[in-house]
Amino acid sequence: MTTYSAEIELAIADVRADVARLHGELVRYGLVVWTGGNVSGRVPGADLFVIKPSGVSYDDLAPENMILCDLDGNVVPGSAGSERSPSSDTAAHAYVYRHMPEVGGVVHTHSTFAVAWAARGEEIPCVITAMADEFGGPIPIGPFAIIGDDSIGRGIVQTLRGHRSRAVLMQNHGPFTIGVNAKDAVKAAVMVEDVARTVHHAREAGPLIPIPQESIDRLYDRYQNVYGQNVDARR
C-alpha cells in the first residue's frame, strides 16, 4: 500500500470530495445520461489524479469510491476505491495531465448539442460574445479516436495545445474540457453545451454573423483578466 505525507493525503481527500460532488453538476445541467461522462481532478503537489469509477450510478458516487491514479493512468494499489475499475476514459485524462501540466481538471460529457456538432465533424464558430469571453474563439474539432487507450488524450492535447479554447469536440464522440481545476473544467463543459445549443438554433434560423477577431480578442482579455476577477473565481 502506497503511503503519502499528511499534506498530500489531505490534498487527495479534498480532490476526492470535489470530484464526487462535481459529477452532480453534470446531472444538474443535463450533460450526461445513465453512467456516461466523467470528471477528474489533479492532486496538487503530487503526480496523481482522481477520477470516477466505471459504470457506477451517479447517485452512488461518493468521495470514498473515487479512483486515485498515477499520471500513467494506473490505479494506486490499496487506495480507497481501488477495487473498482476506473472510467474507460482514464488513459485519455492521464495523457492530458502528463502533457499539459497547467491543467488541473478534465471533463467529458455526451451533452446533446455538443455531440451533434462533433457528429458533423464541425467546429462551433465564434458568433456570440459568451463564446469569445469563455473560449477566446471557435470550439475546435479533434480527430476521431477509439476509446480504451490514450488516443483520445493525444487528440485532445494535439488540438488544444496553443489554442485558447478550453474545450474540444472529439469527432464522432463528444466534448472534452480542461481547466485549472475540476470545477473550472465543469464550468467549461456547461458553457460548451450552452453555446452549442444557441449557435445551432441561430444557424437554423439564418446566416450567422461572425465576430471580428479584434473584438474576440478584446472580449476574451476583458473576461479572463478583468471581469469579476474570473481567473481567481475558478479556484
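User: Where is Asn172, to begin with?
Analyst: Asn172 sits in the loop that joins β6 (167-170) to β7. This is a predicted model, and in it the phi angle of Asn172 is near 65 degrees, a positive value in a residue other than glycine.

User: How accessible is Asn172?
Analyst: Asn172 has a relative accessibility of 46%, so it counts as partly exposed, the class between 20% and 50%.

User: And what about phi of Trp34?
Analyst: Trp34, which lies in the loop between α1 and β1, also has a positive phi in a residue other than glycine, near 50 degrees. With a relative accessible area of 78%, Trp34 is exposed.

User: Before going on, how confident is the prediction, on average?
Analyst: The average pLDDT of the protein chain is 95, and 97% of the residues score at least 70. Residues 230-235 fall below 50, although this stretch has 12 contacts in the model beyond near neighbours in sequence.

User: Now the helices: at what angle do α3 and α6 cross?
Analyst: The axes of α3 (residues 112-120) and α6 (residues 182-205) cross at roughly 65 degrees and come within 7 Å. That angle makes α3 roughly perpendicular to α6, and the crossing in which α3 passes α6 is left-handed.

User: Which residues meet there?
Analyst: From α3 the contact takes in Thr112, Phe113, Ala114, Trp117 and Arg120, and these meet Val192, Glu193, Ala196, Arg197, Val199, His200, His201 and Arg203 of α6. By class, the residues of this contact divide into 6 nonpolar, 3 polar and 4 charged.

User: How about α2 and α5, is that crossing left-handed or right-handed?
Analyst: The crossing of α2 and α5 is right-handed. The axes of α2 (residues 90-99) and α5 (residues 151-160) come within 7 Å and cross at roughly 40 degrees, and the two helices are therefore oblique to each other.

User: What meets what in that pair?
Analyst: On the α2 side, Ala92, Tyr95, Val96 and His99 meet Ile152, Gly153, Arg154, Ile156 and Val157 on the α5 side. The residues of the contact of α2 with α5 divide into 6 nonpolar, 2 polar and 1 charged.

User: Why is α2 described as largely enclosed by the rest of the structure?
Analyst: Because 7 of the 10 residues of α2 are buried, namely Thr90, Ala92, His93, Ala94, Tyr95, Val96 and Tyr97. The elements that these buried residues pack against are α5 together with the strands β1 (38-42), β2 (48-51), β3 (67-70), β4 (105-108) and β7 (174-179).

User: Staying with α5, is Leu160 buried or exposed?
Analyst: Leu160, which is found in α5, counts as buried, at 3% relative accessibility.

User: What does Leu160 touch?
Analyst: Leaving aside residues up to four places away in sequence, Leu160 touches Met100, Pro140, Ser165, Arg166, Ala167, Val168 and Ile178. Leu160 and Met100 are 60 residues apart in sequence, and their C-alpha atoms are 9.6 Å apart in space.

User: Last one, what about Arg28, buried or exposed?
Analyst: Arg28, whose place is in helix α1 (residues 6-28), is exposed, with a relative accessible area of 58%. The C-alpha atoms of Arg28 and Val190 are separated by 10.0 Å, and the two residues are 162 residues apart along the chain.

Notes
Residues are numbered from 1 along each chain as its sequence is written. This is a predicted model: local features need pLDDT of at least 70, side-chain atom pairs count only at pLDDT 80 or more; totals for chains, interfaces and linings use all residues. Side-chain values use heavy atoms; hydrogens and water are left out. pLDDT is the predictor's confidence in each residue, from 0 to 100. Contact means heavy atoms within 4.5 Å. Axes are lines fitted to C-alpha atoms, for helices over the stretch in contact, and angles run from 0 to 180 degrees between N-to-C directions. Helices (H or I, at least four residues) and strands (E, at least two) are DSSP runs, numbered from the N terminus. Angles under 35 degrees count as roughly parallel, over 145 as roughly antiparallel, 65 to 115 as roughly perpendicular and the rest as oblique. A crossing is left-handed if the near helix is turned anticlockwise from the far one by less than a right angle, and right-handed if clockwise. Ala, Val, Leu, Ile, Met, Phe, Trp, Tyr, Cys and Pro count as nonpolar, Asp, Glu, Lys and Arg as charged, and the others, Gly among them, as polar. Buried means under 20% relative accessible area, exposed over 50%, partly exposed in between (1.4 Å probe, protein chains only).
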